[in-house]
Amino acid sequence: LGDTKPWFIHPAGMMGLVRDTSRPDVRCVKCQKNLTLTYEFMRRFVDSEVSDNTINALVNNWNEHSSQYNINSCEQVIYLLGQCKHETKRFLAFRESLKYRSYTAESLYRMAPTAINNGFQRKGLQLSHAEKLNYINQHLLNNDIGYGEHCFGSNEHPGKDYRGRGLLHLTHADNYKHCAQDINIDIFSNPELAEQHMPAIVLSGFWYWNKHLIAEKIISNRLTQENVTEVTRLINSGLKGLDERITFTNEA
């Protein structure tokens with residue numbers, strides 16, 4: 001391919017099953033099992049609607065960078081995959097949807113008062129409760145772009161929003177900014193990269209997992225609900241979707 005690397009093309013119908021044979025296997029630091037993700041494994045693990053190209057890009061970037069981010073044990077791979085599958089809706093959504101169709105202004109405000117009030121504060125709006133509800137009704141309700149900019153925007157990059165994106169749905173401008181500096185991909189100026197560019201999708205998830213020392217919450221080699229709960233707490237403090245996260249971790 002012009003990059004001096006040898007490649008193996010799988011003969012099964014030329015379905016994009018491409019593997020870079022120059023990359024060493026990733027081994028578990030505890031048991032030495034091979035942790036290298038494969039197309040075949042991920043094809044079974046992801047939603048059936050996920051394309052072959054997406055799977056191959058995900059597998060290649062995961063294998064290339066997992067050791068760099070110390071994702072080097074069976075437990076870490078299992079727990080991380082379980083969380084990723086929930087966050088990305090079975091690897092179909094690397095971008096969080098913020099369109100709340102079934103809410104009223106009051107129920108939406110009760111659902112996310114901190115995020116909504118942060119938006120008012122950032123914009124210098126001092127409103128009564130009634131005025132807040134009127135603003136929510138006019139600008140945020142059932143408005144994916146408007147809600148994203150209001151609740152997850154930044155004055156440094158007006159018009160951009162820092163909603164959940166990537167493998168673990170990285171959220172908030174500060175996280176995007178620090179992650180961009182560390183992974184050397186400018187997802188702060190261009191947050192869309194974290195949903196469209198597979199290196200940024202994977203690395204943003206690895207960065208968050210590594211930065212928050214999530215692996216240290218896995219207290220034993222056994223798969224337990226307690227471990228899934230502790231891992232989830234560092235990704236979603238409200239433990240949203242815990243039952244599904246447990247199911248997906250067991251699948252992994």
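Which pattern does the chain follow when read along the sequence? The chain follows the pattern β-β-α-α-α-α-α-α-α-α-α-α-α-α. This comes to twelve helices and two strands, where helices (H or I, at least four residues) and strands (E, at least two) are DSSP runs numbered from the N terminus. The model is predicted, with local features needing pLDDT of at least 70 and side-chain atom pairs counting only at pLDDT 80 or more, while totals for chains, interfaces and linings use all residues. Residues are numbered from 1 along each chain as its sequence is written, and side-chain values use heavy atoms, with hydrogens and water left out.

Of the 252 residues of the chain, 46% count as buried; buried means under 20% relative accessible area, exposed over 50%, and partly exposed in between (1.4 Å probe, protein chains only). Residues 24 or more positions apart account for 58% of the contacts with a separation of 6 or more, a contact being heavy atoms within 4.5 Å.

|---|---|---|
| α6 (residues 129-140) | Lys 132, Leu 133, Tyr 135, Ile 136, Leu 140 | Ala 130, Gln 138 |
| α8 (residues 173-183) | Ala 173, Tyr 176, Cys 179, Ala 180, Ile 183 | Asp 174, Gln 181 |

The buried residues of α6 are Lys 132, Leu 133, Tyr 135, Ile 136 and Leu 140. They lie on the same side of α6 because they cover an arc of only 160° around the axis, the arc being that of the directions from the helix axis to the C-beta atoms. Their cover includes α4 (105-111), α5 and α7. After α6 comes Asn 142, with a positive phi near 55°.

In α8, the buried residues are Ala 173, Tyr 176, Cys 179, Ala 180 and Ile 183. They cover an arc of only 130° around the axis, which puts them on the same side of α8. These buried residues pack against α9 (193-196) and α10 (198-211).

The largest pocket has a volume of about 1100 Å³. Of the 33 residues that line this pocket, Glu 87, Glu 96, Thr 171, Asn 236 and Lys 240 are the closest to its centre. A pocket is an open set of points on a 1 Å grid over the protein atoms alone, where a 1.4 Å probe fits, with protein on both sides within 12 Å along at least five of seven lines; lining residues have an atom within 4 Å of a point. Helices that each supply at least two lining residues include α3 (74-87), α11 (225-235) and α12 (242-251).

How values were computed:
Grid points are joined across faces, edges and corners, and a volume is the space filled by probe spheres set on the points.
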